[in-house]
Amino acid sequence: MDKVKIKISHALKQYGNNVIIPDLSVVIEEGEFFTLLGPSGCGKTTLLRMIAGFNTIEGGDFYFNDQKINDLAPEKRNIGMVFQNYAIFPHLTVKKNVAFGLQNRKLPKDQIEERTQKFLGLMKIEEYQDRLPERLSGGQQQRVALARALAIEPSVLLMDEPLSNLDAKLRVEMREVIKEIQNKLGITTVYVTHDQEEAMAVSDRIAVMNQGVIQQIGTPKNLYQRPSNLFVATFIGRTNVLKVEASLKADGQRGITFSDGYYVTMDSMVRGVEDKTPLTVSIRPEEFEIVPEDQEGIGATVEYSTFLGLNTHYFVNLDSGERVEIIQESRIDDILDKGSRIRLQVKKEKINLFTEDGSKSLMR
Ligand SMILES: Nc1ncnc2c1ncn2[C@@H]1O[C@H](COP(=O)(O)OP(=O)(O)OP(=O)(O)O)[C@@H](O)[C@H]1O
């Protein structure tokens with residue numbers, strides 16, 4: 001299997017006058033598990049189909065390694081594809097489904113048999129090889145689809161929401177299967193999903209998309225910890241969005257003030273933000289610390305608490321009227337009741353600071 005690096009340079013996609021992808025550039029490395037993540041309609045499938053060759057390209061260039069593929073027919077791109085609706089043939093047995101692409105390529109019989117058995121084995125479906133797909137569960141059917149896509153030893157694997165027809169438990173199980181097999185084969189993979197948790201679980205890197213524009217590319221950790229705008233902060237994981245003000249001290253110290261006057265130093269705030277500029281912060285639910293009322297912090301009242309075993313979930317009302325979600329490791333003996341007065345502290349390195357409209361990060 002030759003390894004492929006995918007390079008997309010200034011891609012443009014439109015349907016009539018409707019611009020779906022205005023100008024998109026990205027490099028997907030050899031052997032990488034790369035995910036396009038974004039809300040419904042943001043253009044993920046459209047981009048994937050451009051890579052596959054099923055969509056016309058109105059502008060820009062697509063490369064597999066040094067080869068420009070803009071005008072290369074889909075069947076010449078050596079791509080394996082897996083879709084949400086399995087797309088396996090109902091009238092063929094599991095084995096014949098997996099062998100299908102190999103027969104199409106007119107491989108010698110013994111080679112077809114060998115490769116078919118190899119991928120049936122890798123996907124752990126050998127024992128069902130003589131069954132028709134209708135006698136398989138959804139998860140097993142998706143294993144067949146994956147085995148069939150991989151059997152042709154594609155240079156690139158493209159997957160479009162492959163797990164969305166499965167129930168929650170199977171989804172979690174199958175994403176492990178997908179991740180493991182991708183890792184084992186080291187095949188360059190582009191995966192489309194709107195499910196951020198799924199994206200975090202399988203990907204080396206994720207491109208978060210909105211309205212045809214990549215908002216940020218990064219590792220799951222990187223996107224979670226340092227989102228580059230409020231869209232990414234709120235799309236990846238849960239977060240609290242609060243209004244603050246820039247506070248610049250006479251000695252040059254930079255910081256922010258929350259609505260009720262609580263001040264936090266922010267050395268990592270970019271320079272040049274003027275005093276009292278309204279700003280927006282994003283703080284993850286697990287990053288707040290609840291302290292007694294007589295300590296320093298943002299004043300708040302517990303609205304309700306839910307004990308979930310390992311964690312306790314709080315919703316609290318800040319004195320400013322803003323509402324905050326907090327997740328804390330449970331301290332069984334002192335779960336706070338509704339109406340409890342508390343203060344919230346947050347470590348400065350756990351705060352992400354944005355322009356007031358959330359369009360830009362102000363972190364250095
Ligand atoms: N053949 C087409 N003709 C016209 N518009 C289209 C066509 N295919 C897609 N679109 C439009 O392009 C936009 C992006 O669609 P796309 O399917 O790429 O989104 P997506 O991010 O994959 O969303 P989803 O998760 O819902 O599939 C949508 O507004 C859609 O209506």
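Domain bounds here come from an automatic or database domain assignment. With that settled, welcome to this predicted model, in which the protein chain is divided into domain 1 (6–234) and domain 2 (238–355).

**Overall layout**

The centres of domain 1 and domain 2, taken over C-alpha atoms, are 40 Å apart. Six residues from domain 1 and six residues from domain 2 take part in the contact. On the side of domain 1 that touches domain 2, three residues are nonpolar, two are polar and one is charged.

The C-alpha trace of the protein chain spans about 80 × 50 × 35 Å along its principal axes. Its secondary structure comes to eight helices and 20 strands. Of the 364 residues in the protein chain, 36% are buried. Among contacts with a separation of 6 or more, 66% join residues 24 or more positions apart.

**Around the ligand**

Which residues surround the ligand? They are Tyr15, Ile20, Gly38, Ser40, Gly41, Cys42, Gly43, Lys44, Thr45, Thr46 and His194. Sorted by class, this shell has three nonpolar, seven polar and one charged residues. Helix α1 (residues 44–52) gives the most to the shell, with three residues.

Let's turn to the strands. Four of them form an open sheet in the order β2-β1-β4-β5, with antiparallel pairing. Because β2 (18–28) and β5 (67–68) stand at the edges with a single partner strand each, one side of each is left without a neighbour in the sheet. For β2, a pairing with strand β1 (residues 6–15) runs over seven bridges in the antiparallel sense. Gln14 stands opposite Val19 in β2.

Helix α2 (residues 94–104) has a set of buried residues: Val94, Lys95, Asn97, Val98, Ala99, Gly101 and Leu102. These buried residues pack against α3 (109–122) and α4 (138–151). Just after α2, the backbone at Lys106 takes a positive phi of about 55°.

In soluble globular proteins, nonpolar side chains tend to be buried together. The largest nonpolar core in this model has 87 residues, and those with the most contacts inside it are Ala147, Leu158, Val208 and Leu353. Helix α4 supplies the largest share of this core, seven residues. The core also draws at least three residues from each of domain 1 (6–234) and domain 2 (238–355).

Which residues does Ala147 touch, not counting those up to four places away in sequence? Its partners are Val98, Phe119, Leu120, Met123 and Ile125. Val98 is also one of the buried residues of α2.

**Strand β19 and its partners**

Leu344 is the bridge partner of Ile290, and Ile342 stands opposite Ala300. The strand pairings mentioned in this report are gathered below.

| Strand | Partner | Sense | Bridges |
|---|---|---|---|
| β1 (residues 6–15) | β2 | antiparallel | seven bridges |
| β15 (residues 288–291) | β19 | antiparallel | four bridges |
| β16 (residues 298–307) | β19 | antiparallel | four bridges |

Notes. Residues numbered from 1 in each chain as written. Predicted model: local features only at pLDDT ≥ 70, side-chain atom pairs only at ≥ 80, totals over all residues. Near = placed C-beta within 6 Å. Helix = DSSP H or I, 4+ residues; strand = E, 2+ residues; numbered from the N terminus. Nonpolar A, V, L, I, M, F, W, Y, C, P; charged D, E, K, R; others polar. Contact = placed C-beta atoms within 7 Å. Buried ≥ 20, exposed ≤ 12 C-beta atoms within 10 Å, placed from the backbone. Pairing = 2+ DSSP bridges. Core = buried A, V, L, I, M, F, W, Y, C linked by C-beta atoms within 7 Å.
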